[in-house]
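Here is a briefing on one protein model. Please look over the sequence and the 3D view before reading on.

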Amino acid sequence: MKRLSNNRTFPYLTGRFFDGISSGLFMMALPWIMLQSPNMGTLVALVALACTVTSFVLTPFFATLIDRRSRKALLIEVQVVQSMTAMIVMFAYGLELGSFWLLASAQLIFWVTSNLAWATNNAFTQENYDRHEYASISGKQEIVMQGTTLGAGALGVLLLQIWGMFEFAAFAAAASGIAACSYFMTPYRRQLRQSHAVAFIAQMKESKTIFAREPRFYTFILLSCLSYPILTFLSKLVPIWFAENNVSGDWFAGYNIAFGLGSLLTGVLLGKLLTLSRHQITMQYSMAFIAIALTGMSLSEQPIYILLFTLMFGFFNALNRIARTNWMHHTVDVNQRGRVDGGLAMFSTAVQSLSYTAIAVLAHYNATQYGFALAAFVVLVAVFAMVKLNRTSLLKPQFA
């Protein structure tokens, strides 16, 4: 049994590794190269907005697709699309035909397909592994994911100085190709029922029924999902706070490293952590510690303290996310997992948009420091709501 698990896990994690390195470096290089031309800041911001809106609109379609098609095939197809996109960019720059709009289109494709791959991976893991394997594979996935994030960041600092778009595109094309081959070689145990007898739109509309059937259960899950918009909120708030306080860019690099190390530590200790209590209890205390970390940031006057609390935030943010994902592995019907993750993604994106508006307002009134306190308050309210929901006997998994 262990050998069988290893035969599934090694090629799968290899695919995730090269997927993370490819998309991480390429998505870092694209806006950087676009910004090399003068007066491109606004256009680059508009491209990011277009990517977010497009992902939000396509989420219900992708979520339903995940519940209708082979999850393994989707993972392979995403990598093929990304590899072909990178090859087009590579040939265009090799022939000196590169343009801003080509890079913007490439960023949109990578952004949207990466979101599809993220949701597909959750469904694939639930489908391809047994219940007793979820904690182990989740820990390994976290280590690979944070390792590629830190690795792409470290490589990016070096390669952005010496590589052009041609080299980045060539690397992305090769890495995505390797990821596609790795996913192809991963043994797949399909459990998804054939659903082609049900119309695509009808199946997509079922998403509302899925959430309405267990409102308390999914409200608890949605409250836990607030940690992601808080993370993206910090990714915009922290550099603004650093700039306002004349803190050098090295500290922002340190912020990203501290967050990655905290998450990496979670992956290393995950097998032990998930055995300490039930998943929903783990999610509650993780969110509580996130609130404490944010409160600490709000009281910090030196960047070193921001980094220390970021390490704590990274640890419990990852623990909350993994506990939630594993609980859903045990409770959500594998035939509905794509649509459930799609609903959660739409909620997170909507809150994320509101958080960016809050940053704009805070920056306008020179009140950036209060952003940390605002985030802490939101998480604290979520924690109290989660505790209240968890006390009632009505909070039960839909599929035990």
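**Ile66 and its surroundings**

Leaving aside neighbours within four places in sequence, Ile66 is in contact with Arg71, Leu74, Leu116, Ala119, Thr120, Ala123, Leu192 and Gly338. Contact here means heavy atoms within 4.5 Å. This is a predicted model: local features need pLDDT of at least 70, side-chain atom pairs count only at pLDDT 80 or more, and totals for chains, interfaces and linings use all residues. Residues are numbered from 1 along each chain as its sequence is written, and side-chain values use heavy atoms, with hydrogens and water left out.

- Ile66 sits in helix H2 (residues 41–66). Helices are DSSP runs of H or I with at least four residues, strands are E runs of at least two, and both are numbered from the N terminus.
- Ile66 is buried, at a relative accessible area of 1%. Buried means under 20% relative accessible area, exposed means over 50%, and partly exposed is in between (1.4 Å probe, protein chains only).

**Overall build**

- The protein has 14 helices and 0 strands.
- Its pattern along the sequence is α-α-α-α-α-α-α-α-α-α-α-α-α-α.
- The radius of gyration is 21 Å, which agrees with the value near 21 Å for a compact globule of 400 residues. It is taken over C-alpha atoms, and the globule rule is 2.2 Å times the number of residues to the power 0.38.
- Along the principal axes, the C-alpha atoms fill a box of roughly 60 × 50 × 40 Å.
- Of the 400 residues, 52% count as buried.
- Among contacts with a separation of 6 or more, 88% join residues 24 or more positions apart.

**Surface and charge**

- The accessible surface comes to about 18400 Å², and 69% of it belongs to carbon and sulfur atoms. Areas come from the Shrake-Rupley method with a 1.4 Å probe; for residues, only the protein chains shown count as cover.
- There are 27 positive and 16 negative side chains, and the centres of the two sets lie 12 Å apart. Lys and Arg count as positive, Asp and Glu as negative; His and the chain ends are not counted. Each charge is placed at NZ of Lys, CZ of Arg, CG of Asp or CD of Glu.

**Nonpolar cores**

- In the largest nonpolar core, of 55 residues, Leu234, Leu294 and Phe313 touch the most other members. Such a core is a set of buried Ala, Val, Leu, Ile, Met, Phe, Trp, Tyr and Cys residues joined through side-chain atoms within 4.5 Å.
- Helix H12 gives the most to this core, with 10 residues.
- Beyond four places in sequence, the contacts of Phe313 include Leu234, Phe259, Ile290 and Leu294.
- A second, separate core of 27 residues includes Leu25, Ala104, Leu160 and Met165.

**Met34**

- Met34 lies in helix H1 (residues 2–34) and is buried, at 3% relative accessible area.
- Beyond four places in sequence, Met34 is in contact with Met40, Val44, Phe100, Leu103, Ala104 and Gln107.
- Met34 and Phe100 are 66 residues apart along the chain, with their C-alpha atoms separated by 6.2 Å.

**Positive phi in loops**

- Most residues other than glycine have a negative phi.
- Glu96 has a positive phi of about 60°. Glu96 is in the loop between helix H3 (71–94) and helix H4 (100–128), and is exposed at 73% relative accessible area.
- Asn366 has a positive phi near 55°. Asn366 is in the loop between H13 and H14, and counts as exposed at 68% relative accessibility.
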